[in-house]
Structures are given as structure tokens and as C-alpha cells.
Amino acid sequence: IEVGIFLLRALADARAPLALTALAAAVDMAPGKVHKYLTSFLRCGLVVQSQASGRYELGPFALDLGLAAMRRVDIMMLAQPILAALRDAIGATASMAVWANRGPTIVRIADTPDVMSATIRIGTVMPLLTSSFGRCFATFLPSQVTQALLEAEITEADRLVTRCGLDNRAQVDATLGEFRARGLAVAQDLIDPGRAAICAPVFDLNERMVAAIALIGGMGRLDVDFEGKPARELKAATRNLSRRLGASNAR
């Protein structure tokens, strides 16, 4: 089984069905040995072979296994140890939010004794323009999902929105465009004075954004540079969670 899994992994990673020789080369195994495994996989439906080309690809039972695994995925359960590992690696509060009917809503927290953690509560709904969570969702969700809330915040711009220059659509689009290019969103000294946060999206098997994870700490203590260690650790964590949710092209 452990040897055969390498063949299934190679088929899963391939962009198209593979010939026997190509599959053997991909796993560094003799074609005759590969053929024996494929014969068994064909019998049980893990692999199918095209009659026209002779090439192999994953079969219906492989799809059944994948769908069964996806039905059992619980993002809340998967996220908590990832948040705890992020907190321990960076020394900052890690939190996850999902999109709800009123906007980005915090659903999981791995906190620190830092005073900046005191205002982070499960159930808190975050604004789009002045929080890292909101900016992340505004960047990576389809615009039709966020449009109404975004326009409302621009139209009814408060002091914070005006201070960070996001009270007009052109500046909002430019800012979100930079975040999209970076794969991250940041916010500093906005909702809570002296607080900094950096946030990254989580995707599912349909490449849809389903959550966001943020690192939150004090300005000057949490590095929110797009190339800094917190950014790298955060992107690695969200890629890991996205892959476990079935995303194949996680940012």
C-alpha cells in the first residue's frame, strides 16, 4: 500500500492522464512493477485506463474517497491547532474569521497574554476598510458579495476610514489591488490604537475563499512587512489549511 500510494499521488498531481512509461518515470519505478500495481488499482476502481490512448488516470473510487473525506472536513477543528502553532511560532495572537451576513466574523482565537488580545472576541464582526480581516475578505471574495457593505463604509466614511485614505473607490481599489498581488492584507493603528495585524485568505476545493487567518499584535512588536517572518509563517499556515480543504492552487 505504501508503495502504491506513490503512484496514486503521481496521478493526482498530473495535469492529464499519464502513459505507463511517464508514470514509471515520475515515481522512479520499473514499468513492469508499475503495471502490476495498476492492474490491481484498475480492478478496484482507483484507476481507469483510456481504451483509445492507453493512458491512466484516477478512477471513480478515488473520487468517492475524496468526496467522503471532504464531507468529513471541519474547518473549525482543523484551524485550532494551526492557530496555536502560529501563535507559538510568532508570539502573537492568531485568529480566524469567516464571512457571515454582517461581514467578517471572528470564530476562532489562539490568544496571548498581550493586552492587544483583550479586544478580540469570538463573534466580533470586523469592518471591511479598517481591519485586516475586512481588507482580506474585500480583496479575495467576489466583489458581488462585499459590494453593498463596501459601498456603505465608503459612503458613510468615519474618521478612521478617512484617515487611511479609503473614503473613495479609486483608493480602495488600488489598496485592494496591492493586497491581491501580495496575497496578504495588513492594517495598523486603526480599530485599536497601537494594534497591528496581517491577514491571509483560506480557500476550499472550489478555490473559493472560506475563511481568513490573522496575526495580531502591537505596533513595533509584530512585523507586518509582506516579506517578514510573520507573513511567511502566515502564508504557509493558510496554504496548509487550504490544501486540507481541497484547494489545489492555494496562494
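1. With 9 of its 9 residues buried, β6 is largely enclosed by the rest of the structure.

2. A word on what you're looking at. This is a predicted model, in which local features need pLDDT of at least 70 and side-chain atom pairs count only at pLDDT 80 or more, while totals for chains, interfaces and linings use all residues. Residues are numbered from 1 along each chain as its sequence is written, and side-chain values use heavy atoms, with hydrogens and water left out.

3. Now the overall picture. The protein chain has 10 helices and 7 strands; these are DSSP runs numbered from the N terminus, helices being H or I of at least four residues and strands E of at least two. Its C-alpha atoms fill a box of roughly 70 × 35 × 30 Å along the principal axes. Of the 251 residues in the chain, 44% are buried. Among contacts between residues at least 6 apart in sequence, 55% join residues at least 24 apart; a contact means heavy atoms within 4.5 Å.

4. Where does β6 sit in the sheet order? The open sheet has 5 strands, in the order β4-β3-β7-β6-β5, with antiparallel pairing. Two strands pair if DSSP finds at least two bridges between them. β4 (103–110) and β5 (185–188) stand at the edges with a single partner strand each, so one side of each is left without a neighbour in the sheet. On average, neighbouring strands are turned by 25° against each other, direction ignored.

5. Going through the pairs, β5 and β6 (residues 195–203) run antiparallel over 4 bridges, with A185 opposite C199 in β6. The hairpin of these two strands has 6 residues between them, and D189 takes a positive phi near 55° there.

6. On to β7: 9 bridges join β6 to β7, again antiparallel. F203 has M209 as its bridge partner in β7, and V202 stands opposite A211. In this hairpin 5 residues lie between the strands, and E207 takes a positive phi near 60°.

7. β7 is also mostly covered, with 9 of its 10 residues buried. Antiparallel β3 is joined to β7 by 5 bridges, and M96 has I213 as its bridge partner in β7.

8. Axes are lines fitted to C-alpha atoms, for helices over the stretch in contact, and angles run from 0 to 180 degrees between N-to-C directions.

9. Which residues of α7 and α9 meet? Q147, L150, E151 and I154 in α7 meet R169, V172 and L176 in α9. By class, that contact has 4 nonpolar, 1 polar and 2 charged residues. For these classes, Ala, Val, Leu, Ile, Met, Phe, Trp, Tyr, Cys and Pro count as nonpolar, Asp, Glu, Lys and Arg as charged, and the others, Gly among them, as polar.

10. Last, a look at P60, which lies in helix α4 (residues 60–71). Is P60 buried or partly exposed? P60 is partly exposed, at a relative accessible area of 49%. Leaving out residues up to four places away in sequence, P60 touches G45 and V48. V47 is 13 residues from P60 in sequence, and their C-alpha atoms are 7.6 Å apart in space.

Technical notes:
Buried means under 20% relative accessible area, exposed over 50%, partly exposed in between (1.4 Å probe, protein chains only).
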